[in-house]
Amino acid sequence: MNSLAEPYSVRVLDAKVSIDSANQWHFPFILVRYQDSEIALHEVKIQLNNGYNVLKSMKLSLEDISDFSVNKIDVNLGDSFFQPQQQTDNAGSIGLSLSHIPEIKLAAINIYLPFQNNDRAIIQAKHLNLLTPKLSQAQPSPSIRKTLSGEFLLMQQAVANLSLTLDSTQWQLTHYTELNSLREGLEQLSLTLNEYALHTQKDGIQDKERASSSLEQSSFLSTLDSLQSAISTHMLTIKGLWNSTTSIDLITGAIQSKQIINELTISSSAVKNVAFNPASPIQVEINYKPEADTVSPNLNVKLAPISWQQSTDKRQLEQLIQLLQPSIVLPTEKHELIKQLEHPILWQLALTKPLTIQTRLDDQATITANYDAAINISHPVLSADITLKNNHIVKDNSDISFDAEVLSHLKQKQHINLTAMDFIPHEISFENSELTTDISIKATNNTAEMVINSASIYSDKLDATFNHKNLNTENVYWQLTEPSSFTLSQTPSITSSNAALQPSNLNPSNSPVPLNSVMKFNVNGFAFGFDSFSFTQPTPLAFNKPSYEAQLGKFRIEAKQNIELTLNETTPSIDLLSQALSQTNQSTLSWQLNNIKLDKLIPSKSRTRRYKALKFDQINLDQTLSLKQQLLTGTEQWQLDALSLSSYHLLKLPQKHQPASLAGQWSFDTELADILSTFEHTQMLPDNMKIDGRGKLNAGFALIEAQGVSLFEMKFEQQLTNIDAKYHENVMYDATAQANCQFNWQQAHSTPERPETFSQSRLLCQQAQIDIPEAYAGINLDNINLSANLSLGKNEQIPAKNWLQEISGLSDTDVNLTASGDLLDGEFLIPEFYLRLHDISEGYFVLNGISLEALLAAQPQVGVYANGIFDGVLPATLVDGKVTIAGGHLAARKPGGLIQVSNNPALEQIRDSQPHLDFVVQALEHLEYSQLSSTFDMKDNGDASLKVQVKGKSQDIERPIHLNYSHEENLFQLYKSTQIGNQLQNDIERSVK
């Protein structure tokens, strides 16, 4: 028997033989040894084709056996089984010709580890039979076919039922496995193998030590331990029915396999009532297709679509997080939003299109994978839908590329209030909000590109409160109108100085070459807006301290741009902004604002007074912004209700040791009616005033920082033409006005050396000019010309000395004014008037050739006629805001004139009430005066003195007439009483109307 077994390196140790005939051999027991493993065979029966030739030649092959059966096989593995084996060249000693393979019946096979008792087999096979199907006589004779079937056990757990059909052209294997039994068998096998490794270490036998070491280093045991460790750590239970069908084409070498797992359930005892249990079976198809000899075979794997859904409450979610990522802890604060986690969350995951994997089996293998997937998360507060479309993965040697399109939709279902949460410093709430994105992603080993195809954010309401101020917005939205992208690329940062040191022979450690990352941003068009916005401050401020409230109607800004930014990761973070701003980009912005209101509120003891600080019905702005070499330029076209303006700005952005600077221009050329209607809500004209004409403005300004001081300068040219104005009965026609002015302002900022902050400013207007061809103010005024040079200054370090300085806020004024015009057939003239708030101001008002007859024609008096030509002068002095007049004089030119008064009600009343003045009244009935003069003086408190002297000859009175009249009155009090009377009269008229 050893002679027969010698070709197979097998030695027979013991045997019981019962040969019934030359062709029928019976072995009740055979014990053989292969290396140091022993194999015991029980009830072996062999049917030979020609037993006599076998005995004669003492050689046994499969072709000599027609039938072979064994009741039981026990295999006791030796320690050398776990040591690395050298390959021996004895292939081909057993022919596998299908026609010569005998029928084999193996009732049971048991495999044991060396130290085990024979009642604990690690692997078992039952009813392992290789049979030839029985065909009826009516069936045609097919090609030779045999069927191998059996049941396999692992650590006494049934793990697989196999059926292998063999014919001359194709083999087909079907199998069935219960996954829970397989898991339990693998768990017991892992424990047993580790127990064996520990046992051999304690024996101290050299061969066993080598066996133990080999077992410990076995990749199978390492993988098995890792698998069991993961299952044990997560306390997993795996259930399911695994079926497979695999076909091998013996002619082409093609392999087709279909794997199906039904009723798959993966759960953990650490999380109650949560399990991965797809709604449909797991189906995997594997296709292996050899090509020509020079082409590597193809391997295709396909996973059919699957879906799974699970509901989790807060407790289950905490258990899952603790199981998978213990470092994450859900917030425990008693807040409304956190409390919402008590409601269940519904999770839905789906592979919506088959996952396909394609590759060629060679050293340069390229692996390609494609799939579509979807994730849906639903909660009473929020829901999220994420779709992964057109996912494409390619692995080519060490290169990997990935393409995908990610669609997401986040929708708010209930009101969310983030008030009083630790990580939110202010009160913020919103409701009915949505976030939608469509993103394409491409990535390789060294590059990653993300393209945002579309994105939008919407919220019905967005409210915030900070520092006792409320912000309320309705229907706010943001959307991307053109795709934007982000690209990250990495290149080896090898400089010319060290490039020669990079070959592997000079870099034996093969240390990784450092990479330089470059980020590119491409930001395109977007739109942002809302339907309404309000800013309020409900808490009253301190007494007389103003506050503001603002309201906006519909607002929208739309940007058209193609901004490209390239940033280098190696650049220090402090220089990243400078690097971004040094690039060239351009944006076009379109702004639309409606119903703009800004109110100023001043609280008092009894109530809060509200003033309109700003109000527009509509503002439109078209703006173009360009950035080049840290210079930002802007061109704007404004439409403020009916008013059109244009502006241009230059902003030099800050650089190292160079502060920012700003310059710009403003201009408009429009009808005055448009200007007045634009500002009529806040700067209302009197009801009886009307102004028409045209206004033009050109202004340029600059703002710079220098050594801790802010400097601002503006130069502007203002022109008003074709001015027609009317107020009550006062009018003027075709007037013009122009001024060229310059405004300078500077502010010194506090520094450690100079902690105080102060500012000063000055307005200069040279040769300001006003021309009024025709006017009426109770009397006709023609050809009025007014010229002025102004210098107005304000310095915070100079305290106010008088009430005018306190009201105006000005520290000093230098106004040089001249004026002239035609008046009552004569002229008036202000030859020179100097106004200085900080010093003595003096001026003169001169009348030349005024016709008394023209005055009475303009202001007729009942029963009064007079003529004559008058000249006069009125000198005024202003000191510390107080006016004094000394030496005012008015006199008639020679030869004088005529005064006639008859039936004048005022004089008649004097004659009746004061008879002693009858002579005066009689003299005025026809008085030819040769001299008429008056003087006027006023102190700085308003006390005025008027003295009139008349000399002449009266008709019917022989002697000369000398009349002297003097009157004293406080003009300030007279003015106030007059204003009170006028105010009362106006109030009465309004109440009657």
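How many disulfides does a search of the whole structure find? The search finds one disulfide, a term that stands for a pair of cysteine sulfur atoms within 2.5 Å. This is a predicted model, in which local features need pLDDT of at least 70 and side-chain atom pairs count only at pLDDT 80 or more, while totals for chains, interfaces and linings use all residues. Residues are numbered from 1 along each chain as its sequence is written, and side-chain values use heavy atoms, with hydrogens and water left out.

The disulfide joins C741 to C765, with an S to S distance of 2.0 Å. The torsion about the S-S bond of C741 and C765 is about 110 degrees, so the disulfide is right-handed. The pair links distant parts of the chain, 24 residues apart: C741 sits in strand β36 (residues 730-748) and C765 in strand β37. Strands here are DSSP runs of E with at least two residues, and helices are runs of H or I with at least four, numbered from the N terminus. Both C741 and C765 are buried; buried means under 20% relative accessible area, exposed over 50%, and partly exposed in between (1.4 Å probe, protein chains only).

Next comes the interior. A nonpolar core is a set of buried Ala, Val, Leu, Ile, Met, Phe, Trp, Tyr and Cys residues joined through side-chain atoms within 4.5 Å. The largest one has 30 residues, and among those touching the most other members are I619, L640 and F828. Elements that each supply at least two residues of this core include β29 (585-603), β30 (608-628) and α9 (672-678). A second, separate core of 21 residues includes A5, L48, V75 and L106.

Charged pairs complete the picture. The structure holds 17 salt bridges, each being a side-chain nitrogen of Lys or Arg within 4 Å of a carboxyl oxygen of Asp or Glu. In one of them, the side chains of D599 and R610 meet at 3.1 Å, N to O. D599 lies in strand β29 and R610 in strand β30, so this pair ties together parts that are eleven residues apart in sequence. D599 is buried, with a relative accessible area of 17%, whereas R610 is partly exposed at 47%. Another salt bridge brings together E434 and K411 (3.2 Å, N to O), with E434 in strand β21 (residues 427-443) and K411 in strand β19 (residues 399-412). Finally, E908, R911, D918 and E925 are linked in a network of salt bridges.
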